[in-house]
Amino acid sequence: MTEALVLGGGGVGGIAWTTGLLAGLADAGRDVSGAGLVVGTSAGSTVAAQLGSGLALGELYARQVEPGLQAAEIPVEVDLEAYAAEFGRLLGGAKSVLEMRRAVGRYALDARTVPEAERRAVIASRLPSPAWPADRTLRIVAVDAGTGEPVVFDRASGVELVDAVAASCAVPGVWPPATVGGRRYIDGGVRSPDNADYAAGASRVLVVVPLGEAELFPTETPLRKAVADLRAAGAEVAVVAPDEASRAAIGVNPLDPDTRRPAAEAGRAQGRGTGIAWSRS
C-alpha cells in the first residue's frame, strides 16, 4: 500500500495547526507522518519539508510552541476575506484559469514587499535540514509567475529545498516571488489550496486542509473533484479540516506569528480526539 499525505496552505497558523494535528494523531496511535509520498503546498510545503528532516514530531511541535525554538517570522496583517475580495475584483475580466493565474503573477511581481533575501532567510530558519528527504517522495507545488503554469519541485529537480519551499510559500502581494533557476515563482495555492490531485497513484491519501475547503483563487482542481477522482481510481481518502476550536485559534489572520502556539495546541487536541474517516466513496 502506498500512503500519501497531502498538506495544504494556511500561513504560519496553518503550519502550527498541521504540526499539532499530526502530533495529536500520533499521540492517539494514528501516526501518519511516515507516508511514502508527501505533497506540500504553501504552509504545507514547510511542514512537509520538516517531516523529512529527521526530527521527531514532538520536536517539530516544540518548534511551534516554545518561543526560543520558533522561527523568526515577519509579522504581517492580512484579512483573508478582504484579500479574496481584492483578487475577485482583479480577476473579474479573465477568460480562463490560466489567464487568472498570470494576472495574479503580474500582481505579485509588481507588489512592494520585503526583500527576497530577507524572506528566504525566514524560510531557511523554518527548516531543520536543508536537504531533500531521502526516505520518501516529497512534491512541493508552486506557480510560475510569468506563465501561470504550475511546477512540482522534487528531489530530482536540481533545486535547493529552501528555494522550493520559498516558492511554494510566496503569497502574492504579501511576500516576494521566489527566484529559482532564473524564473520567478508564486504560492502553489494559486493553483489549488491543497493540490491533492498530485497524490494520484497512492492507495491511501490523507488530505489536511488548514483553511478548510476555502479557495482564494479560481482552480481547475477543487478539493471535492480531486478527492472524487482519487477515490474513483481506487484510493481510500480522508480529509481533515480544523474543528471549531482550531478555527478560532488560527483566527482571521493566519499569517500572524502569534497564532502559532494556540493553533498548534488546538491542532494537537483535535488530533488526539479525531478519528480518520477513510472512504472510497
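**A buried leucine and its surroundings**

Author: Apart from residues up to four places away in sequence, L22 touches L5, V32, V47, L51 and L57. These contacts, like everything that follows, are read from a predicted model. L22 belongs to helix α1, and its relative accessibility is 1%; because buried means under 20% relative accessible area, L22 counts as buried. Between the C-alpha atoms of L22 and V209 there are 12 Å in space, although the two are 187 residues apart in sequence.

Helix α1 also takes part in the packing of another helix. The buried residues of α6 (residues 116-126) pack against α1 (11-27), and likewise against α2 (43-51), α3 (57-65) and α7 (161-168). The buried residues in question are R119, V122, I123 and R126. They lie on the same side of α6, because the arc they cover around the axis is only 95 degrees.

A buried arginine is found in a loop as well. R191 is placed between β6 (183-187) and β7 (204-208), and its relative accessible area of 11% makes R191 buried. Its side chain forms a polar contact with the side chain of Y198, at 3.3 Å. When neighbours within four places in sequence are left aside, the residues in contact with R191 are R101, V143, P150, D197, Y198, P218, T219 and T221.

The open spaces remain to be described. The largest pocket has a volume of about 360 Å³. It is lined by 13 residues, and those closest to its centre are L80, L211, R247, G251 and V252. Two elements, α4 (80-90) and α9 (244-250), each give two or more residues to this lining. Its residues divide into 8 nonpolar, 2 polar and 3 charged.

Terms used: Residues are numbered from 1 along each chain as its sequence is written. This is a predicted model: local features need pLDDT of at least 70, side-chain atom pairs count only at pLDDT 80 or more; totals for chains, interfaces and linings use all residues. Side-chain values use heavy atoms; hydrogens and water are left out. Buried means under 20% relative accessible area, exposed over 50%, partly exposed in between (1.4 Å probe, protein chains only). Helices (H or I, at least four residues) and strands (E, at least two) are DSSP runs, numbered from the N terminus. The arc is that of the directions from the helix axis to the C-beta atoms. Contact means heavy atoms within 4.5 Å. On a 1 Å grid over the protein atoms alone, a cavity is a set of points where a 1.4 Å probe fits but cannot get out, and a pocket is an open set with protein on both sides within 12 Å along at least five of seven lines; lining residues have an atom within 4 Å of a point. Grid points are joined across faces, edges and corners, and a volume is the space filled by probe spheres set on the points. Ala, Val, Leu, Ile, Met, Phe, Trp, Tyr, Cys and Pro count as nonpolar, Asp, Glu, Lys and Arg as charged, and the others, Gly among them, as polar. A polar contact is a pair of N or O atoms within 3.5 Å; within protein, one must be able to donate a hydrogen and the other to accept it, and residues adjacent in sequence count only if both atoms are side-chain atoms.
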